Structure formats: C-alpha cells, structure tokens
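Have a look at the model first, then read on.

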Amino acid sequence: MNDILWRDDDGTLRIWEMDGATVVSDTTVATVADSRHLAGTGDFNRDERFDIVWRDDDGTVVLWEMDGATILDETNLGTLREYWQIADIGDYTGDLNSDILWRDTTGTIALWEMDGPTIVDSTAVNTIPTHWHIEA
C-alpha cells in the first residue's frame, strides 16, 4: 500500500496513510531544513512500508526508517560529491531490502547493496552514455 508524503513550504512533513483512495491517517512527521531534499523512498527494513532517503546540500545521505508516520531510526549513510545522484531505489539483489543505484555525471553506475541501514557492498556496475536515462 502506498502512502503520500507531503512537504509544506516551511519544511513541515505530513504523511497521509492510505487505504486505496481513502486517507486513514493524516499525521505531521517532522520539520526538515530547506537544505534537505527527498532523494527517494524504498523498503529498507522489510516491513512493507516506505522508508525515506534524504540528500542534504552538503552531499550527506540520510535514511529514515519509517513505521507509517513514525521515524524509527535516522542513519547517516555517508557523504557523496554533488556529481553523484540517486538514479533509482529498488531491490537489485533479491534479498527483499531496497538498494540504492547511483549515477555520476560521466555515466558511471554504482550500486549500494543495503541490509537495512547498512551498506553491505558498494560496486561500480557499468558506464552508460549520459544521454541515456532510466525510465523504469
């Protein structure tokens, strides 16, 4: 089931927990600074609920493990230069944990294999020309 994360101009985050087209809960989660940007969502702790990956202006990558509108844990995953951007988040290793696929401005693709908030392995996968983009 997908929920909806909202962010107000003042940085307030709210989550609508959904049941189909019905909002079953509308909860304020936290307030985040303007320097923090949503990088993606995935299920990193295998609870079948989305967790949130943030990227700060200084390159810091932070994972919020979520239980609905409750932040269970916040983990600093590291800091990357601005030329590395998240290309996708998904289970690339088949272990039911979301992994993070990165791409740099030269087209190099790298994978962070994740086990919850822990980077198990960081591997350069391939290089693809920069005029190619992930669509699905």
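## Strands, cores and rings

Arg-55 sits opposite Val-61 of S6. Before going on, some ground rules: this is a predicted model, with local features needing pLDDT of at least 70 and side-chain atom pairs counting only at pLDDT 80 or more, while totals for chains, interfaces and linings use all residues. Numbering starts from 1 along each chain as its sequence is written, and side-chain values use heavy atoms, leaving out hydrogens and water.

Strands here are DSSP runs of E with at least two residues, numbered from the N terminus, and two strands pair if DSSP finds at least two bridges between them.

Let's stay with S5 for a bit. In the antiparallel sense, strand S5 (residues 51-56) pairs with strand S6 (residues 60-67) over four bridges, and Trp-64 in S6 is the bridge partner of Ile-52. The two strands make a hairpin with three residues between them, and Gly-59 in that turn has a positive phi of about 95°. S4 pairs with S5 too, also antiparallel, over six bridges, and there Thr-41 stands opposite Ile-52.

How much of S5 is buried? Six of its six residues are buried, meaning under 20% relative accessible area with a 1.4 Å probe, protein chains only. Asp-51, Val-53 and Arg-55 cover one side, and Ile-52, Trp-54 and Asp-56 the other; all are buried.

Zooming out, S5 belongs to an open antiparallel sheet of four strands, in the order S4-S5-S6-S7. At its edges are strand S4 (36-42) and strand S7 (70-79), each pairing on one side only. A second open sheet of four strands, with antiparallel pairing, has the order S8-S9-S10-S11. Strand S8 (84-90) and strand S11 (118-127) each have a single partner strand, so one side of each is left without a neighbour in the sheet. Within that sheet, eight bridges join S10 (residues 108-115) to S11; Asp-115 has Thr-118 as its bridge partner.

| S8-S9-S10-S11 | 25° |

Now the packing. A nonpolar core is a set of buried Ala, Val, Leu, Ile, Met, Phe, Trp, Tyr and Cys residues joined through side-chain atoms within 4.5 Å. The largest one has 13 residues, of which Phe-44, Val-53, Leu-77, Ile-100, Trp-102 and Trp-112 touch the most other members. S6, S8, strand S9 (99-104) and S10 each give two or more residues to this core. Apart from it lies another core of twelve residues, among them Ile-15, Val-29, Val-32 and Trp-54.

What does Phe-44 contact, leaving aside its neighbours within four places in sequence? Its partners include Asp-51, Val-53, Leu-63, Ile-89, Ile-100 and Met-114, with contact meaning heavy atoms within 4.5 Å.

Finally, the rings. The whole structure holds three aromatic pairs, where rings of Phe, Tyr and Trp (its six-membered ring) have centres within 6.5 Å, and planes over 60 degrees apart count as edge-to-face, under 30 as stacked and the rest as tilted. Trp-54 and Trp-64 form an edge-to-face pair, 5.2 Å centre to centre with 65° between the planes. Trp-54 lies in S5 and Trp-64 in S6, so this pair ties together parts that are ten residues apart in sequence. Both Trp-54 and Trp-64 are buried.

Technical notes
Axes are lines fitted to C-alpha atoms, for helices over the stretch in contact, and angles run from 0 to 180 degrees between N-to-C directions. Buried means under 20% relative accessible area, exposed over 50%, partly exposed in between (1.4 Å probe, protein chains only).
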